[in-house]
Amino acid sequence: MIASLPKIVRNQAPEGHGGGHEEGQTPKPVAQPGVKEAASLPADALIILPVRNVVLFPTVILPLSVGRQSSIAAAQEAARNDRPLGVVLQRDGGVEAPGPDDLHQIGTEANVLRYLTAPDGSHHVVCQGTRRFRIVEFLDGYPFLAARVAVHEDPESDFPAEVEARGHLLRQQAQEALQLLPQAPTEVAAAIQSISSPAVLADVVASVMDTPPAEKQDVLETFDLIKRLDKVLEALRRRISVMRISREIGEQTKETMDERQREYILREQLRTIQKQLGEVDEKAAEVEEISEAITKAKMSEEAEQQARKELKRLERMPEAAAEYSMVRTYLDWLTELPWSVTSAAEVDIAEARRILDEDHYGLEKVKRRILEFLAVRKLSPEGKSPILCFVGPPGVGKTSLGQSIARATGRKFVRASLGGVHDEAEIRGHRRTYIGALPGTIIQSIRKAGTRDCVFMLDEMDKLGASFHGDPSSALLEVLDPEQNATFRDNYLAVPFDLSKVFFIGTANVLDAIPGPLRDRMEVIELPGYTEDEKLEIAKRYLVRRQLTANGIPAGQCEISEDALRAIIRDYTREAGCRNLEREIGGVFRRVAMRIAEGETGTVHIDSEDLPAILGPRRFENEVAMRTSVPGVATGLAWTPTGGDILFIEATRIPGTGKLILTGHLGDVMKESAQAALSLVKSRAGALGVDPELFEKSDIHVHVPAGAIPKDGPSAGVAMAVALMSLLSDKPIRSDVAMTGEISLRGLVLPVGGIKEKVVAAARAGLKQVILPARNRKDLDDVPKDARRLVDFVWVDDVDQAAGAALGEQEAASAPADAPQSAAAG
């Protein structure tokens with residue numbers, strides 16, 4: 001706030017010169033030809049001294065440095081002749097030779113208290129303001145500026161109450177301002193307190209305030225005392241507000257700086273102690289280690305820029321900071337990802353074929369597709385990896401097949417189970433703003449694999465969920481799109497990572513449960529259920545050896561016969577895959593392990609006769625012959641999420657009023673198929689030799705065991721129609737025949753789905769003949785060769801052909817699967 005005070009002054013440099021001074025000799029007049037003598041000045045004229053960047057107020061003492069020749073002449077004339085000076089502020093401080101137009105019209109008349117000449121030749125004058133004046137006109141012909149003026153006198157006493165009140169308030173605010181100063185001199189407060197005149201107080205306060213010269217000049221030009229006091233009060237109020245805020249900021253900054261300074265000093269002392277002890281600065285070493293890791297990782301340009309930026313933040317951050325561990329963890333993730341690491345070995349097609357055949361029996365279509373990919377990769381190493389999806393019932397080897405693919409291609413294998421995942425962040429990760437945030441499953445698994453071209457199995461894709469957290473299947477759209485996954489952006493990393501070299505393999509039990517857009521991005525390969533012979537080979541080649549090792553039985557100490565294995569497959573398991581089969585084989589070997597542990601020596605032989613004592617009585621019976629030994633029972637074929645299965649249709653007739661009774665937990669479509677089958681049989685009652693009145697006097701009851709299992713679909717229409725024909729004609733259906741197909745009211749047999757699974761189920765159940773819609777002949781290529789070898793196929797176009805083949809009334813058109821076939825004749 002303080003700029004200058006009465007008798008407490010600060011050097012000013014209005015003329016562009018400053019510095020200390022010493023008292024010199026009395027100034028001598030400088031003779032200048034062609035100019036008037038100062039003695040000729042009129043009585044109402046003043047010698048004008050232009051000043052820059054300073055305003056002199058009445059009663060205020062101010063030292064001035066003069067350097068221009070005209071200013072020196074003016075000061076010397078005033079000092080020599082004891083004349084007052086008129087101190088006037090220049091409008092523009094940059095003007096070196098100011099004229100009348102360059103000066104303000106209002107100035108302060110001042111007495112020269114002392115004139116000094118310093119040893120360096122500079123001139124100084126000490127002035128005290130006396131009163132205000134207004135310039136009337138300038139006078140020409142003098143070696144300095146001179147002008148006629150009109151003076152203004154402020155009253156010295158008898159001030160109005162308004163003036164006294166403002167003066168009292170100004171004195172209070174001035175004292176408050178002084179208290180806000182960090183080192184205010186005590187004599188300043190005393191000087192202000194001793195001023196009784198409001199006019200003098202206003203001039204003194206305006207003089208000492210640290211405000212621009214233009215604002216001070218405005219106060220100087222205000223002759224009205226009330227307005228002058230109001231302006232000074234307003235300016236002082238603003239300064240007090242600024243000083244209060246500055247003081248608060250200063251105190252806060254000082255506290256922060258004190259704490260940081262203390263921490264800095266302690267850390268410097270710690271570094272010095274560590275240096276003396278020969279220890280290394282752990283943080284500096286850690287930062288250097290991370291910097292080297294960033295260089296070695298060979299990240300993308302964007303990722304490296306982000307890593308370097310975070311490393312700089314870590315370097316400036318104290319280890320005790322809450323965010324330090326978060327940044328450190330983030331940098332660990334960035335540096336440990338395999339940005340440029342690959343694991344694929346030289347492609348060897350023959351070796352890959354050997355590995356696939358060694359690990360899996362059958363699955364020729366899948367093996368062929370893998371070998372095709374390897375051949376393409378050998379010819380075009382920079383090509384994109386395929387994205388496959390294995391669909392099949394549980395236990396058929398989808399997951400183990402992925403491991404074999406990794407071994408055959410020389411890649412690392414990672415697996416992520418998607419069953420039950422219902423949060424989009426599980427795939428993309430959480431943003432780092434959340435506490436405990438981590439990357440998603442994709443990036444975590446890639447880091448675990450350690451290579452950017454691993455085999456990545458996404459297990460159970462059909463069991464993804466969706467919730468208010470988002471849809472994980474939508475997040476997988478980018479992951480499984482070869483055109484987009486080169487710039488996959490995890491929310492945690494916030495930088496793109498290239499997934500185009502990853503060999504993605506999805507698995508699912510049901511293809512329909514996978515959303516269409518996601519399914520469209522994958523090449524679907526269906527894995528059918530195994531036949532009995534295939535299961536036998538799998539057990540002999542893989543399961544027996546694996547369970548012997550798992551149960552700690554040395555090789556050669558236990559043997560299990562082929563008949564025993566076949567008995568386990570037939571009597572103790574009923575599945576499309578081999579999981580339960582391996583479990584039952586393990587149960588047999590556990591009993592053997594117990595006998596060996598009890599001290600039995602020699603080789604233990606297991607035959608089919610030993611199974612009931614080990615595994616208990618048979619769990620599954622061959623009920624086909626028993627259930628079809630009476631008219632009205634047909635064997636149908638059904639598709640389930642775990643593969644194909646046989647389905648029994650039982651029909652009976654009881655006295656009634658012509659109603660159709662349906663039981664067995666049937667769905668709407670299956671109920672409609674039963675109604676259509678009954679209507680079709682009624683329309684052909686004459687051809688079947690059935691009295692039409694029989695339908696009006698009887699109720700038809702159709703039951704489909706097991707009653708607790710829900711069933712639906714149109715493919716049981718043929719089996720229902722043939723069962724009703726068998727019931728009404730009192731002829732049993734052949735026990736080794738199964739059938740599937742949708743029917744129409746015209747008697748046409750329409751195509752259905754799931755042919756492959758249904759034929760495999762028929763072969764597994766020991767059926768010899770399968771009746772199929774003729775329009776499904778194209779699906780025979782998907783049926784495994786072993787299943788085609790075990791059953792004969794009858795291709796039918798209408799229900800009469802199906803009834804003829806099932807009831808044995810006519811020669812059905814059947815042939816081995818590999819022989820030329822034609823539809824059955826009517």
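Modeller: A residue is called buried when its relative accessible area is under 20%, and exposed when that area is over 50%. The model discussed here is predicted, and 48% of its 826 residues count as buried.

Colleague: Which residues of α19 are buried?

Modeller: In α19, the buried residues are Leu 581, Glu 582, Glu 584, Ile 585, Gly 586, Gly 587, Val 588, Phe 589 and Val 592. Their cover includes the helices α17 (532–550), α18 (562–571) and α20 (611–615), together with the strands β14 (558–560) and β15 (604–606).

Colleague: Why is Glu 96 called exposed?

Modeller: The cut-off for exposed is over 50%. Glu 96 has a relative accessibility of 53%, so Glu 96 counts as exposed. Glu 96 is located in the loop between β3 (85–89) and β4 (106–117).

Colleague: What does Glu 96 touch beyond four places away in sequence?

Modeller: Glu 96 touches Arg 52 and Arg 68. Arg 68 is 28 residues from Glu 96 in sequence, and their C-alpha atoms are 8.1 Å apart.

Colleague: What is the handedness of the crossing between α2 and α4, and at what angle do their axes cross?

Modeller: The crossing is left-handed. The axes of α2 (residues 161–180) and α4 (residues 198–208) cross at roughly 35 degrees and come within 9 Å. From α2, Val 163, Glu 164, Gly 167, Leu 170, Arg 171 and Ala 174 meet Pro 198, Leu 201, Ala 202 and Val 205 of α4.

Colleague: What is the average pLDDT of the protein, and where is pLDDT below 50?

Modeller: The average is 82, and 89% of the residues score at least 70. Residues 28–34 have a pLDDT below 50, and this stretch has five contacts in the model beyond near neighbours in sequence. Residues 810–826 also stay under 50, although the model has 39 contacts for them beyond four places in sequence. Where pLDDT is low, predicted coordinates should not be read in detail.

Methods:
Residues numbered from 1 in each chain as written. Predicted model: local features only at pLDDT ≥ 70, side-chain atom pairs only at ≥ 80, totals over all residues. Heavy atoms only, no water. Buried < 20%, exposed > 50% of the residue type's maximum accessible area, 1.4 Å probe, protein only. Helix = DSSP H or I, 4+ residues; strand = E, 2+ residues; numbered from the N terminus. Contact = heavy atoms within 4.5 Å. pLDDT = per-residue confidence, 0-100. Axes fitted to C-alpha atoms, helices over the stretch in contact; angles between N-to-C directions. Left-handed = near helix turned anticlockwise from the far one by under 90°.
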